[in-house]
Amino acid sequence: MQNEFQKWLECLAPVGIRSILLLFFFFVIPSRADLVADFTQNGTTDSRLDRFPALNIPVGEPATPFLTVGSFQVVWKGRLLISQRQRLIFSFEGEGTAHLKIAGNDVLTRDGTLVGEVSKSTRLNPGEHAFELSYSSRPNGSASFRLFWEEAGFPRQAIPASAFKADDTESTNHAALLRHGRSLFASQSCAKCHSSGSGLGASQMPEILELAPILVGTGDRTTEEWLRRWIAAPHQIKPTTHMPALVDASSAEGLQQASDLAAYLTSLKMGSPAGVAPDASLAKQGGVHFHELGCVACHHLPDQSPADPTRVPLNNVASKYLPGALVAFLKNPDAYHPFIKMPNFRLSDHEANRIAAFLTQASNGQETKLAHEFPSGDVTRGAKVAESLQCGACHPGMPISPQSAAVPLDVVFK
C-alpha cells in the first residue's frame, strides 16, 4: 500500500504538496497517540495521558482537577515515531520554562517568553525515539505552551498527536480511575444529595450544576400509567437515564409508592392547553423526516425495544405523552429540561406534527412491559413519598425534607 501511495505522489508536481501528503501518510494514520503527563505541585503528583504536549491554563485555575491553584511542573514522556530519516528543527511557543530531550539528548531549552530561538537541525532515523519534555508554569500558576517542528520538506507546524506513543503506567491507570469516578460523581448528581461544607474544589465540574427535569406541569404532559412504570423501573424504560430506582418494585410497598408518586405528579398541572393528537396520516412523512434529521444517531427506532445502552429508546413514546404534548416537546425540548441533550431543531408546527405522528404510530403497543400489577395511587400519600425521597434535591420545585437529608460528603470522607 505504501509503495502505491508513493507512486501516486510522484504524479503531483509541487514538491510542497508531496511533502505534506507524505507527512499525513506517515504520521496521521497510526491510531494510538498518547504521552504520559506527570503534573507535580508541592510534592503532589497527578498523571494522565495527553494526546500531545500543549497547555493553556489561565490565572486562578489549577493545572488538573486534582491539584490546587498555583505554580506547577509537568513532564511529558513517551516515544516520538519517525517513519523515514529526517532532519527536524523544534521550537516552542508560550511562556514559562521548557526543556526538550529526544533519545536522551538535550535538544532545546527556553525560559520566559518561549517564542524565538529554535533547536539545531536534529537528524532522526526511522523508528521510535525516547521523548521527554519538561515544562514549568509561570509563578502565578498560569501556563501556555505548544511544541512545533519543521523540516526542509514542510513548514513549521504543531507536531501531530499521531507522532507520539506511550504505554499506560500504574499512575496513569490510577488517574484514569480517579477521572472516571469524578465524571460519575457529576453525571449521577451525587452532590445534589450529599452536600459538602468545604466545597467541591477549585475546579468544580459544570455538570454538578445541571438540573434534572422540571416536574411542575407533569400532569399536562404525561400519562399516569407511564409514570408508574418509570418510577418503578427507570433503567428498564431508559437504560441511559441517571435517575436512580428509588422504590423497591419487587415489594407491595414499593409498587404502592410508585403509584402514589405517579398520582401526585399527574396532579401537578399548569392548565396548559392539551393540544390535539398528531395527524396519523402524516406518519410516513414523519418517518422520512426522522431519518433525514439523523435521529437514529442517538435513538433506537420507535418500534424497537432498548438494546444498545448508549442510545435513547423511543418505544415508550405512545404510552408516555398526552395528546399534543409530544408535538410541544419536539418544538421546544428544553422547556422543562434545561440540560437535555436533545437539540432544538426549530421545527415548524407541520414538521413537529408529522414526526410526532410517526413516533406515536410506530411505538404504539411497543412499550416496555413490567411484570407488576400496580395498585391505585393516592395524591396525598404521593406528596409525602416525594418529600421522603428528597425529589426536590434534583427536581426544582419538588418537596424536600431537611430531616431526610443525606449524609454530607465531609462525614463520608471521614
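Where is Arg-346 found? In this predicted model, Arg-346 belongs to the loop that runs between helix H10 (325-331) and helix H11 (349-363). Its backbone is worth a look: Arg-346 has a positive phi of about 55° although it is not a glycine. With a relative accessibility of 68%, Arg-346 counts as exposed.

Gln-390 also has a positive phi, near 60°, and is likewise a residue other than glycine. You'll find Gln-390 in the loop between H12 and helix H13 (409-413). Is Gln-390 buried or exposed? Its relative accessibility is 12%, so Gln-390 counts as buried.

## H5 against H7

Now for some helix packing. Helix H5 (residues 224-232) packs on helix H7 (residues 252-266) at an angle of about 135°, and the two axes are 8 Å apart. That angle makes H5 oblique to H7. The crossing of H5 past H7 is right-handed.

Who touches whom? On the H5 side, the contact uses Glu-224, Leu-227, Arg-228, Ile-231 and Ala-232. Facing them in H7 are Ala-258, Ser-259, Leu-261, Ala-262, Ala-263, Leu-265 and Thr-266. Sorted by class, this contact of H5 with H7 has 8 nonpolar, 2 polar and 2 charged residues. As for the spacing of such positions, an α-helix has 3.6 residues a turn, so residues three or four places apart point the same way.

## What is buried in H5

Which residues of H5 are buried? They are Trp-226, Leu-227, Arg-229, Trp-230, Ile-231 and Ala-232. Of these, Leu-227, Ile-231 and Ala-232 also turn up in the contact with H7. The cover over the buried residues of H5 includes helix H6 (234-237), H7 and helix H9 (317-320).

Asn-173 sits in helix H3 (residues 170-187) and, at 41% relative accessibility, counts as partly exposed.

## H7 against H12

H7 has another partner in helix H12 (residues 379-388): here the packing angle is about 105°, and the axes are 7 Å apart. That makes H7 roughly perpendicular to H12. From H7, the contact takes in Gln-256, Gln-257, Asp-260, Leu-261, Ala-263 and Tyr-264. From H12, it takes in Val-379, Arg-381, Gly-382, Ala-383, Val-385 and Ala-386.

By class, the residues of the contact of H7 with H12 divide into 7 nonpolar, 3 polar and 2 charged.

How many disulfides does the model have? The count comes to 0. Cys-295 is buried, with a relative accessible area of 14%.

Cys-394 counts as partly exposed, at 24% relative accessibility.

Technical notes:
Residues are numbered from 1 along each chain as its sequence is written. This is a predicted model: local features need pLDDT of at least 70, side-chain atom pairs count only at pLDDT 80 or more; totals for chains, interfaces and linings use all residues. Side-chain values use heavy atoms; hydrogens and water are left out. Axes are lines fitted to C-alpha atoms, for helices over the stretch in contact, and angles run from 0 to 180 degrees between N-to-C directions. Helices (H or I, at least four residues) and strands (E, at least two) are DSSP runs, numbered from the N terminus. Angles under 35 degrees count as roughly parallel, over 145 as roughly antiparallel, 65 to 115 as roughly perpendicular and the rest as oblique. A crossing is left-handed if the near helix is turned anticlockwise from the far one by less than a right angle, and right-handed if clockwise. Contact means heavy atoms within 4.5 Å. Ala, Val, Leu, Ile, Met, Phe, Trp, Tyr, Cys and Pro count as nonpolar, Asp, Glu, Lys and Arg as charged, and the others, Gly among them, as polar. A disulfide is a pair of cysteine sulfur atoms within 2.5 Å. Buried means under 20% relative accessible area, exposed over 50%, partly exposed in between (1.4 Å probe, protein chains only).
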